[in-house]
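Open the model in your viewer and keep the selection panel at hand. This tour goes from one selection to the next and says what is there.

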Amino acid sequence: MNHRLYARAVAAALALSLSVAGIASAQMSHGGGHGAAMSIGQPGDASAVGRTVEITMHDNYYDPETLSVSEGETVRFLVKNAGAIVHEFNIATAEMHKAHEAEMQMLVDHGVLMPDRIDRAAAEKMKTSMGHGMHAAGNSLLLEPGQSGELIWRFADAKDLEFACNVPGHYQAGMMGDFRKAN
């Protein structure tokens with residue numbers, strides 16, 4: 001499939017879903033999926049990890065789809081992208097995911113985020129011209145097909161938290177899961 005055609009189709013699908021939801025991209029704050037991270041927790045210290053959870057990202061779903069966490073718990077997530085396209089594992093609230101859409105769309109628009117890979121040269125070019133080119137935050141991993149990564153997170157609270165993929169169109173297609181407060 002032609003990558004540019006795919007990117008345009010994804011962008012059109014996202015634009016339609018945003019207009020249906022009544023959300024103007026001008027209202028979205030840059031980095032919204034990351035900026036409020038401290039209210040939901042913070043990157044954790046490896047020496048404080050209480051358990052390790054394996055997450056597999058498939059095309060438009062996660063395995064497992066629901067996770068229980070405790071307030072103050074530090075979890076090591078081992079995340080593998082078993083899908084055929086780029087996916088993200090992002091810990092945030094629904095509002096933070098929605099705000100993060102604009103940043104992810106910008107990556108598509110500038111040729112950084114391709115369906116099956118991340119163009120690092122385009123990311124550098126975007127960084128030079130705009131001051132940023134790749135998102136890097138303690139609550140998020142962006143992985144190409146077949147890649148694995150590690151994220152260590154200390155939870156403030158599980159209330160209203162989700163893990164989701166904010167690659168344009170993926171969240172809207174249902175690629176998200178819930179964190180529940182452990183008893």
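Two strands pair if DSSP finds at least two bridges between them. Helices (H or I, at least four residues) and strands (E, at least two) are DSSP runs, numbered from the N terminus. This is a predicted model, in which local features need pLDDT of at least 70, side-chain atom pairs count only at pLDDT 80 or more, and totals for chains, interfaces and linings use all residues. Residues are numbered from 1 along each chain as its sequence is written, and side-chain values use heavy atoms, with hydrogens and water left out.

**Stop 1: strands 6 and 7**

Select strand 6 (residues 87-93) and strand 7 (residues 140-143). They pair in the antiparallel sense, over four bridges. Find H87: L143 in strand 7 stands opposite. Now show the side chains of strand 7. Is each face covered or uncovered? Both are covered: S140 and L142 on one side, L141 and L143 on the other, are all buried. Buried means under 20% relative accessible area, exposed over 50%, and partly exposed in between (1.4 Å probe, protein chains only).

**Stop 2**

Move to strand 4 (66-69). In a regular strand the side chains alternate between the two faces of the sheet. In strand 4, L67 and V69 make up the covered face, while T66 and S68 make up the uncovered one. Within strand 10, F179 is the bridge partner of L67.

Stay on strand 10 and pick K181. K181 is exposed, at 51% relative accessibility. Draw a distance from K181 to L161: the C-alpha atoms are 9.5 Å apart, across 20 residues of sequence.

**Stop 3: the aromatic cluster**

Select Y62, F77, F89, F155, F163 and F179, which form one aromatic cluster. F179 was also the partner of L67 at the previous stop. Rings of Phe, Tyr and Trp (its six-membered ring) pair if their centres lie within 6.5 Å; planes under 30 degrees apart count as stacked, over 60 as edge-to-face and the rest as tilted. How many aromatic pairs does this rule give? The count is eight.

Zoom in on F77 and F155. This pair is edge-to-face, with 6.2 Å centre to centre and 75° between the planes. F77 sits in strand 5 (residues 74-81) and F155 in strand 8 (residues 148-155), so the contact ties together parts 78 residues apart in sequence. F77 is buried at 0% relative accessible area. F155 is buried too, at 0%.

Next, centre on F89 and F163. Their rings are tilted: 5.7 Å centre to centre, 40° between the planes. F89 belongs to strand 6 and F163 to strand 9 (residues 161-164), so this pair joins parts that lie 74 residues apart in sequence. F89 has 0% relative accessibility and counts as buried. F163 also counts as buried, at 0%.

**Stop 4: salt bridges**

Side chains of opposite charge can pair when their charged atoms come close. Here a salt bridge is a side-chain nitrogen of Lys or Arg within 4 Å of a carboxyl oxygen of Asp or Glu. There are three.

- E73 and R51: the closest N and O atoms are 2.5 Å apart. E73 lies in the loop between strand 4 and strand 5, and R51 in strand 2 (residues 51-58), so the pair ties together parts 22 residues apart in sequence. E73 is buried, at 16% relative accessible area. R51 is partly exposed, at 31%.
- R76 and E150: these side chains meet at 3.1 Å, N to O. R76 is in strand 5 and E150 in strand 8, and the pair links distant parts of the chain, 74 residues apart. E150 is partly exposed, at 45% relative accessibility.
- R117 and D119: the closest N and O atoms are 3.9 Å apart. R117 is partly exposed, with a relative accessible area of 35%.
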